[in-house]
Amino acid sequence: MSERAFKTLDEMGDVTGKRVLVREDLNVPMADGHVTDDTRLRAAVPTVSELADKGAIVLVLAHFGRPKTPSPELSTAQLVRPFSQVLGRPVRYIDWEGDIESTATLQPGDIAVLENTRFFGGEEKNDPKVIDRFAALGDFYVNDAFSAAHRAHASTEGLAHRLPAFAGRQMEAELDALDKALGNPEHPVAAVVGGAKVSTKLDVLKHLVGQVDHLIIGGGMANTFLAARGVNVGKSLCEHDLTGTAEEIFDAAEKANCTIHLPYDVVVSKEFAANPPSLRTCNVHEVAEDEMILDVGPAASEALADVLKNCRTLVWNGPLGAFETKPFDTATMALAHTVAALTKEGSLVSVAGGGDTVAALNQAGVSGEMTFVSTAGGAFLEWMEGKALPGVAALHG
């Protein structure tokens, strides 16, 4: 997508007094009635504020949770106050009961959050009747929710075919960043793919070997690749039934001139606990039968830093080790600081995404130093798999 195939807010024209349906991702975590992480609320601010400042009547569409039936616990009504706080302006809640009539009192510049889109049975089925009901409320449609763009739902895909459709500022930034990372990147390109299991990221790995110059594999999935190379990984997390698939990925990488990087020294322990007494660092060929690999070793970490110093683009999804438990966060933290430094000096375009990756970057305190950090989970993974995302494709017209 090296050429802009979507329209942005810059191309909307005069929206004074116009009703703009804005699909945002407000699906935030809550505990005891309070939002525990307002990242997604803050991500919605630029688009919603800009439209309101231009005199639009902003009607925010969003889902919340996975409701089987409408319930107060999953109503977007409880998001109105925290969203208003991050916006710094009033936000109304509309429960749909009166449809158009419910929004009749809204004035130019007003903002309202509509009820949970998933309270409508046909939302997730992209039902034309639900699309019609949504479309009747607006003059324009803006999709600002990349994290929901892998779903062909009424509010994420269907509406783009019924109303003039545009990408919001968050969606625009996401698509531009992803284009720089894999769509039209500057080579050499590296990808870091970590996580527990190869089985959850098979399609990602198969796609990436044909797209990048260096594929760095970490986490539990690295153990499966090590086992495929004849390494005894002891009692480490390992999908031994997928070693044949790992070999196929090795072969595909060789044909594509993609270098796969696996750790050659590792941090092991006989138990998975913080700072265990059995902790030690060893060569991958020295892992004992009763030990498990829990992190990449220091020599391999240093080698990975050298690889990245010679790259121009990085896409990152997944930690190198069990970063939630010290000291098995060492390699991931070291990588995060290396990437941040290279990005800051202008030698590397760094795009990272996925829940664990975002958590690791936050833990390292470098999220703000990356080129772009995506909060999307499933959508980011499907993009890394090379799949077309319905909500994005619909914006292309």
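## Close-up views of a predicted model

**View 1. Asp37 in its loop.** Asp37 sits in the loop that joins β3 (34–35) to α1 (39–53). The model is predicted. Asp37 is partly exposed, at 38% relative accessibility. Leaving aside residues up to four places away in sequence, Asp37 touches Val28 and Pro29. Val358 lies 321 residues from Asp37 along the chain, yet the C-alpha atoms of the two are separated by 12 Å.

View 2. The chain is assigned domain 1 (19–168) and domain 2 (185–385). Their centres, taken over C-alpha atoms, are separated by 36 Å. Five residues from domain 1 and eight residues from domain 2 make up the contact. The secondary structure comprises twelve helices and 17 strands. Along the principal axes, the C-alpha atoms fill a box of roughly 70 × 45 × 40 Å. The radius of gyration is 23 Å; a compact globule of 397 residues would have one near 21 Å, so the chain agrees with that expectation.

**View 3. Burial and surface across the chain.** Of the 397 residues, 57% count as buried. The chain exposes about 16400 Å². Carbon and sulfur atoms supply 48% of that area. Among contacts in the chain with a separation of 6 or more, 71% come from residues 24 or more positions apart.

**View 4. Helix α6 under cover.** Helix α6 spans residues 219–228 and is mostly covered. Ten of its ten residues are buried. Among them are Gly219, Gly220, Met221, Asn223, Phe225 and Leu226. Which elements cover the buried residues of α6? The cover includes the strands β9 (189–193), β10 (214–217) and β14 (292–296). It also includes the helices α5 (202–208) and α7 (243–255). Gly230 follows α6 and has a positive phi, near 90°.

**View 5. Arg229 over the ring of Phe250.** Arg229 lies over the face of Phe250. The distance to the ring centre is 3.6 Å.

View 6. The structure holds five aromatic pairs. One of them joins Phe272 and Phe328, with ring centres 6.1 Å apart. The planes make an angle of 50°, and the pair is tilted. This pair links distant parts of the chain, with its members 56 residues apart. Phe272 belongs to the loop between β12 (265–269) and β13 (280–283). Phe328 belongs to the loop between β15 (313–317) and α9 (330–344). Phe272 is partly exposed, because its relative accessible area is 47%.

**View 7. Phe380 and Trp383, an aromatic pair within helix α11.** The ring centres of Phe380 and Trp383 are 5.4 Å apart. Their planes meet at 45°, so this pair is tilted. Phe380 and Trp383 both lie in helix α11 (residues 378–384). They are three residues apart, which means a separation of about one helical turn. An α-helix has 3.6 residues a turn, so residues three or four places apart point the same way. Phe380 is buried, at 0% relative accessible area. Trp383 counts as buried because its relative accessibility is 15%, and the limit for buried is under 20%.

Conventions: Residues numbered from 1 in each chain as written. Predicted model: local features only at pLDDT ≥ 70, side-chain atom pairs only at ≥ 80, totals over all residues. Heavy atoms only, no water. Phe/Tyr/Trp six-rings, centres within 6.5 Å; stacked < 30°, edge-to-face > 60°. Helix = DSSP H or I, 4+ residues; strand = E, 2+ residues; numbered from the N terminus. Buried < 20%, exposed > 50% of the residue type's maximum accessible area, 1.4 Å probe, protein only. Lys NZ or Arg CZ within 6 Å of the ring centre and 35° of its normal. Rg over C-alpha atoms; globule rule 2.2 N^0.38 Å. Contact = heavy atoms within 4.5 Å. Areas by Shrake-Rupley, 256 points an atom, 1.4 Å probe, with all protein chains shown as cover. Domains from an automatic or database assignment.
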